[in-house]
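I opened a notebook to keep track of what I look up in this structure. The entries follow the order in which I went through it.

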Amino acid sequence: MSKEAANTLKEDQSLKAGLKVSAKYGPAVEIEASAEGSISRNKEEVTKSATKFSQDVTDRTVKKITERVLQRQSTVTINEVVEVNEHGINNENGTGHISGVYQWLNKRYEAQVFNYGLRMMFEFMIPEPAAFLTYALSTTVNSAEAGLLLEKPSPFELKPADITEEAIGPLIAKYQALDVLPPPEDYITVSDQAKVGGGDVNTNYDHGAIISIPAGYQAIYATVSSVKNIWEKANVCLDIMVGGETVRFGDLGLDSWGTSLLNNVDGGSIAAGGNIAWAFNTFGIPDCVVSVEILCRVTDRRKQQWQAETHAKLLAAYKARLSEYEEKLARLKLETGVNIQGTNPAANLITIKAELKKSCISVLTAQHYDLFNSISKNPKHGYPEVNLYQAEAEGSYVRFFEQAFEWDQIMYITYPYFWGRQDTWIKKMTFNDTDPVFDEFLKAGFARVVVPARPGFEGAIDHFMQLGEIWNGGPLPSITSKLYVPIADEVSERARKPQGEIPQGEPWEVTIPTTLVKLKADDSLPTF
């Protein structure tokens, strides 16, 4: 506003400079043809003209400020996708009844026991073997577009009273809210000032004005200060009134006074979002300047109004983010086309064995892979690169545990969900995968795992169990060492190449229920 006031004053000065040919001199002095004027009258006209002049400047300044209009244009595009699936039996052209039978499908396996020879066996009890896997599946949603993850906005459950200055920043960033205003200041000050006098001690001067209290604030304290010239100290005074409270200043050159503006009855303000009158009168003072400063406190209603407005904007931002999420999800589903539920059972089996292997190594080594970090960031360009010293140590460690056990021959059995954490029971009961083996693994509360040691590594494993040293405390085995495993052997084992195993007994059939359903083309009952 000070900038606007300065511009307005400049315009007024230039305008008045062009009017010197008139009977007026300056913005305040008027030449009268009559000789009845007095110094007191002239001084009074100066004061009134100056007051009107400053009011005119302020009015035009406020008008310029209020004429500033913020325009913002938003374009919202809503795409609605309707997918209709109709299922039914049409017999319009038929001559007889049509009937069908829905059947649950079971998965049938052939089981066989094989003898691989004598092995040292290691047995583990793994709690909730799918804990990490279920956590990963529940926190992210894979989309049809490569590399794109959709994250559903967390529910906005705050009430207006929960909106605080400390919490507003993270909420704005979280929901990408716009036009959120900062909270109102707890305390502000408004002030006014007046100057009277003309050098005559025989003239008394007075001044009265109104101080506007901003909406949403209440006046709580007033401070009055004065500076004056006094030629004769006897019988001089300055009477001041602010909001019904009065005080008289004596003959001192500098005076200051403060008073509470709170109602003595109920503790409320005598002016809340309104006006406070103030005035003063001089006696025997030729020149005087009086200033008034009002300390204002924000009202509870103004704070609640800000909380309600901010809550509404955050809620609107949350609904916008939720709508964007639902639109993207619908678009991805439409682009995906036919959605095949579940994952290939062979891929599920690889995932199961990897999770069991990770847990078994953690139990065996008493660590959670916290120190594995062979990739570091390039200090100059920031891209990832191999940490040579870390990779050398970790590579030897990884190779020992990968080769010391026949992980491809891992055997396991799962136990029910109630052996796990009680607060996960309900969540596990909601899991429903089309692969019954994988579904059982996801719900497991415990798993019993048996892993055979690779022939020839029994001593090295025992050395590690006793002393915590890999490769019998030495370096990686050379190609002539009994502990050296050719890469061709690892590849053939991974490819399930026969290892000379001998079948024991006759194979048998294993039937496992699934969630798949088939509609038979006729009404004949199934046979078992």
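Below are my entries, beginning with the whole chain and moving on to single residues.

**Entry 1: the chain as a whole**

I noted before anything else that this is a predicted model. I looked up the confidence and found an average pLDDT of 79 for the protein chain, with 78% of the residues scoring at least 70. I then checked which elements sit at the two ends of the scale.

I listed the elements next: the protein chain has 11 helices and 19 strands. Of its 528 residues, 27% are buried. I looked up the contacts with a separation of 6 or more, and 80% of them are between residues 24 or more positions apart. The chain exposes about 36400 Å², of which carbon and sulfur atoms supply 55%.

**Entry 2: a patch on the surface**

Which residues form a nonpolar patch on the surface? I found Tyr102, Trp104, Val517 and Leu519, which together have about 520 Å² of accessible area. I traced the patch to strand 3 (101–115) and strand 19 (502–520), each of which supplies at least two of its residues. I looked at Leu519 on its own: it lies in strand 19. Its relative accessible area is 45%, so I wrote it down as partly exposed.

**Entry 3: aromatic rings**

I looked up the aromatic pairs and found 16 in the structure. I took Phe122 and Phe405 as one of them: the ring centres are 5.3 Å apart and the planes stand at 80°, so this pair is edge-to-face. The two residues are 283 residues apart, with Phe122 in strand 4 (residues 121–127) and Phe405 in the loop between helix 7 (388–403) and strand 17 (411–415).

I then took Tyr175 and Tyr318. Their ring centres are 5.7 Å apart and their planes are at 85°, so I recorded this pair as edge-to-face as well. Tyr175 is in helix 4 (residues 165–175) and Tyr318 is in helix 5 (residues 300–336), so the pair links parts of the chain 143 residues apart. Both tyrosines are buried.

I also noted one aromatic cluster, formed by Tyr369, Phe372, Tyr397, Phe400, Phe401, Phe457, Phe464 and Trp471.

**Entry 4: around the end of strand 4**

I went back to strand 4, where Pro127 has its place. What does Pro127 touch beyond four places in sequence? I found Gly445 and Phe446. I also looked up Pro127 and Ala447: they are 320 residues apart along the chain, and their C-alpha atoms are separated by 6.4 Å.

Glu128 lies in the loop between strand 4 and helix 3 (131–139). It is buried, with a relative accessible area of 11%. I noticed its phi, which is positive at about 40° although Glu128 is not a glycine. Most residues other than glycine have a negative phi.

**Entry 5: another positive phi**

I found a positive phi at Ala366 too, of about 55°, and Ala366 is not a glycine. Ala366 lies in the loop between helix 6 (345–365) and strand 15 (375–377). Ala366 is exposed, at a relative accessible area of 71%.

Thr282 has its place in strand 13 (residues 275–283). With a relative accessible area of 1%, Thr282 is buried. Leaving out residues up to four places away in sequence, I listed what Thr282 touches: Val196, Asn204, Tyr205, Cys237, Leu238 and Cys288.

Thr430 lies in the loop between helix 8 (425–429) and helix 9 (436–443). Thr430 is exposed, with a relative accessible area of 57%. I also looked up Thr430 and Lys443, which are 13 residues apart along the chain, and their C-alpha atoms are separated by 9.1 Å.

Definitions and conventions: Residues numbered from 1 in each chain as written. Predicted model: local features only at pLDDT ≥ 70, side-chain atom pairs only at ≥ 80, totals over all residues. Heavy atoms only, no water. pLDDT = per-residue confidence, 0-100. Patch = residues over 30% accessible without salt bridge, like charges linked within 9 Å, V, L, I, M, F, W, Y side chains within 5 Å. Areas by Shrake-Rupley, 256 points an atom, 1.4 Å probe, with all protein chains shown as cover. Salt bridge = Lys/Arg side-chain N within 4 Å of Asp/Glu carboxyl O. Helix = DSSP H or I, 4+ residues; strand = E, 2+ residues; numbered from the N terminus. Buried < 20%, exposed > 50% of the residue type's maximum accessible area, 1.4 Å probe, protein only. Phe/Tyr/Trp six-rings, centres within 6.5 Å; stacked < 30°, edge-to-face > 60°. Contact = heavy atoms within 4.5 Å.
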